[in-house]
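Biologist: I'd like to learn how to read a protein model. Could we go through one together, feature by feature?

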Amino acid sequence: MKFIVTEDYEAMSRTAARVISGYVSSHPDCVLGLATGSTPIGLYRCLVEDYEAGALSFKDVTSFNLDEYRGLDPQHDQSYRYFMEHNLFSHVDIDPARTHVPDGACPDAAAACAAYEQSIAEAGGLGLQLLGLGHNGHIGFNEPCESFPAAVHPVELTESTIQANSRLFDRVEDVPTRAITMGIGTILKARRILLIAGADKREIVEKALTGPITPWVPASVLQLHRDVTVITCGE
């Protein structure tokens, strides 16, 4: 596991963008696993800048997002499909047909999960998976629980995650309580993993990546992966 500590958020974002840019440049038809949340916004901004400067192309890239809220239409301004369109997809040359986000609007969650897992496998698996980190150690929406979920699955969000996400909604009551997420097994099949975490995650980063491996701290399982880069910032 490789650790990189940068001076601030902007440096973290640029450093992480260089990792992804380098991977895409050397693997033009790669499969990227992408994340949402406030932490990767700066990274996506850097990737858009690289594209606009002519230094990067996504035209042959395929992407799969980690998760999506259940019950939100893709056009809803708090859906993760909307987030990705707003922060990355609509600003670069990626083929919309190659961008994948779990179908949170599907009434049959089990079928949506199975189809998403199959689509990842049919694409050849994840080449590089970008991850953020929740304050309770969740990756994707894999919340602390008794076991590591193997595949894409529906999940009930914990109260701490709902509260953390409520800053993006008008009221906490508007925050979806259910989601679809890649499983821990799905994530671990990625050939490379890039984890980014801001200064406010310092405590959980240390707990997850140097403490015991336990499903009660889901990110701790990353200690078992052969190729993980962790980028954090000092402030």
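Modeller: Let's begin with the rings: Tyr69, Tyr80, Phe141 and Phe169 form one aromatic cluster. Keep in mind that this is a predicted model.

Biologist: How many aromatic pairs does the structure hold?

Modeller: There are six aromatic pairs in the structure.

Biologist: And what describes a pair of aromatic rings?

Modeller: You describe a pair by the distance of the centres and the angle of the planes. Take Tyr69 and Phe169: their rings are 6.0 Å apart, centre to centre, with 75° between the planes, and the pair is edge-to-face.

Biologist: Where do Tyr69 and Phe169 lie?

Modeller: Tyr69 is in strand 4 (residues 67-69), while Phe169 is in the loop between helix 5 (159-165) and strand 8 (178-181). These parts are 100 residues apart in sequence, so the pair ties them together. Both residues, Tyr69 and Phe169, are buried.

Biologist: Okay, and why does the pair of Tyr80 and Phe141 count as stacked?

Modeller: Look at the planes, because under 30 degrees apart counts as stacked. For Tyr80 and Phe141 the planes are at 25° and the ring centres 6.1 Å apart, so this pair is stacked. It also links distant parts of the chain: Tyr80 sits in helix 3 (residues 80-87), and Phe141 sits in the loop between strand 6 (128-131) and strand 7 (153-156), 61 residues apart.

Biologist: Are Tyr80 and Phe141 buried or exposed?

Modeller: For that you check the relative accessible area, where buried means under 20%. Tyr80 has 11% relative accessibility, so Tyr80 counts as buried. Phe141 has 3%, so Phe141 counts as buried too.

Biologist: Which residues make the contact?

Modeller: On helix 1 they include Tyr9, Ser13, Ala17 and Ile20. On helix 2, Ile41, Leu43, Cys46 and Asp50 are among them. The residues of this contact divide into eight nonpolar, three polar and five charged.

Biologist: What about a residue such as Tyr23? What is Tyr23 in contact with?

Modeller: First find its place: Tyr23 lies in helix 1. With 6% relative accessibility, Tyr23 counts as buried. Setting aside neighbours within four places in sequence, Tyr23 is in contact with Cys30, Leu32, Gly127, Leu128 and Arg192. As for Glu49, it is 26 residues away from Tyr23 along the chain, and their C-alpha atoms are separated by 16 Å.

Biologist: And Arg70, is that buried or exposed?

Modeller: Arg70 has 17% relative accessibility, so Arg70 counts as buried. Arg70 is found in the loop between strand 4 and helix 3. Leaving out neighbours within four places in sequence, its contacts include Gly104, Ala109, Pro154 and Arg178. Asn87 is 17 residues from Arg70 along the chain, with 21 Å between their C-alpha atoms.

Terms used:
Residues are numbered from 1 along each chain as its sequence is written. This is a predicted model: local features need pLDDT of at least 70, side-chain atom pairs count only at pLDDT 80 or more; totals for chains, interfaces and linings use all residues. Side-chain values use heavy atoms; hydrogens and water are left out. Contact means heavy atoms within 4.5 Å. Helices (H or I, at least four residues) and strands (E, at least two) are DSSP runs, numbered from the N terminus. Ala, Val, Leu, Ile, Met, Phe, Trp, Tyr, Cys and Pro count as nonpolar, Asp, Glu, Lys and Arg as charged, and the others, Gly among them, as polar. Rings of Phe, Tyr and Trp (its six-membered ring) pair if their centres lie within 6.5 Å; planes under 30 degrees apart count as stacked, over 60 as edge-to-face and the rest as tilted. Buried means under 20% relative accessible area, exposed over 50%, partly exposed in between (1.4 Å probe, protein chains only).
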